[in-house]
Amino acid sequence: MKTILLKTFFLGVVLFSAGQFSSAQTTNLPLVSVTGKGEVKVAPDEVVIRFGVVNMGATPEQARRGVDSIFK
C-alpha cells in the first residue's frame, strides 16, 4: 500500500513540474500584437433583414393565430 501511495505521489510531482517547465518556455517566446480597423466604402447591393414575432397563447393554436394576424 505504501509503494502505491509513494509511486502516485512521485508521479504527481513529475507531472506538476513538467507543466511548470512547459509553461515557462512558452512565456519567453517573442510576441507581436496588431490591432486595426478596416472600412469598406462601397454601396451595398444586397440587404438582409430578419425579424420575428413572439406570441404567448393559452394553446399553440391560439398563439399561431395571433402570429398570423400580426403578419397579415
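A residue counts as buried here when its relative accessible area is under 20%, as exposed when that value is over 50%, and as partly exposed in between. By that rule, buried residues make up 4% of the 72 residues in the chain. The model is a predicted one. Its secondary structure comes to 2 helices and 0 strands.

**Chain surface**

- The chain exposes about 7,500 Å², and carbon and sulfur atoms supply 64% of that area.
- A nonpolar patch on the surface is formed by L6, F9, F10 and V13.
- Together, the four residues L6, F9, F10 and V13 have about 390 Å² of accessible area.

**Helix α1**

- Helix α1 covers residues 2-26, and V13 lies in it.
- V13, one of the residues of the nonpolar patch, has a relative accessibility of 38% and therefore counts as partly exposed, since that value falls between the 20% and 50% cut-offs.

- Helix α2 covers residues 60-71.
- The helix has 12 residues and reaches 17 Å from its first C-alpha to its last, which is close to the 16 Å expected at 1.5 Å a residue.
- The buried residues of α2 are A63, G66 and V67.
- Seen down the axis of α2, these buried residues fall within an arc of 95°, so they line one face of the helix.
- A63 lies in α2 and has a relative accessible area of 14%, so A63 is buried, the limit being under 20%.
- Apart from its neighbours within four places in sequence, A63 is in contact with N55 and G57.

**Salt bridges**

- Side chains of opposite charge can pair when their charged atoms come close.
- A search of the whole structure finds 3 salt bridges.
- E61 and R64 meet through their side chains in a salt bridge with an N to O distance of 2.4 Å; the two residues both lie in α2, 3 residues apart, about one turn of the helix.
- R65 also forms a salt bridge with E61, at 3.7 Å from N to O; this pair lies in α2 as well, with the residues 4 apart, about one turn of the helix.
- R64 forms a salt bridge with D68, where the closest N and O atoms are 2.8 Å apart; R64 and D68 both lie in α2, 4 residues apart, again about one turn of the helix.
- Salt bridges link E61, R64, R65 and D68 in a network.

**Accessibility within the network**

- E61, which pairs with R64 and with R65, has a relative accessibility of 34% and so counts as partly exposed.
- R64, which pairs with E61 and with D68, is partly exposed because its relative accessible area is 43%.
- D68, the partner of R64 at 2.8 Å, is partly exposed because its relative accessible area is 31%.

Key
Residues are numbered from 1 along each chain as its sequence is written. This is a predicted model: local features need pLDDT of at least 70, side-chain atom pairs count only at pLDDT 80 or more; totals for chains, interfaces and linings use all residues. Side-chain values use heavy atoms; hydrogens and water are left out. Buried means under 20% relative accessible area, exposed over 50%, partly exposed in between (1.4 Å probe, protein chains only). Accessible areas come from the Shrake-Rupley method with a 1.4 Å probe; for residues, only the protein chains shown count as cover. Patches are made of residues with over 30% relative accessible area and no salt bridge: like charges are joined within 9 Å, nonpolar side chains (Val, Leu, Ile, Met, Phe, Trp, Tyr) within 5 Å. The expected span of a helix is 1.5 Å times one less than its number of residues. The arc is that of the directions from the helix axis to the C-beta atoms. Contact means heavy atoms within 4.5 Å.
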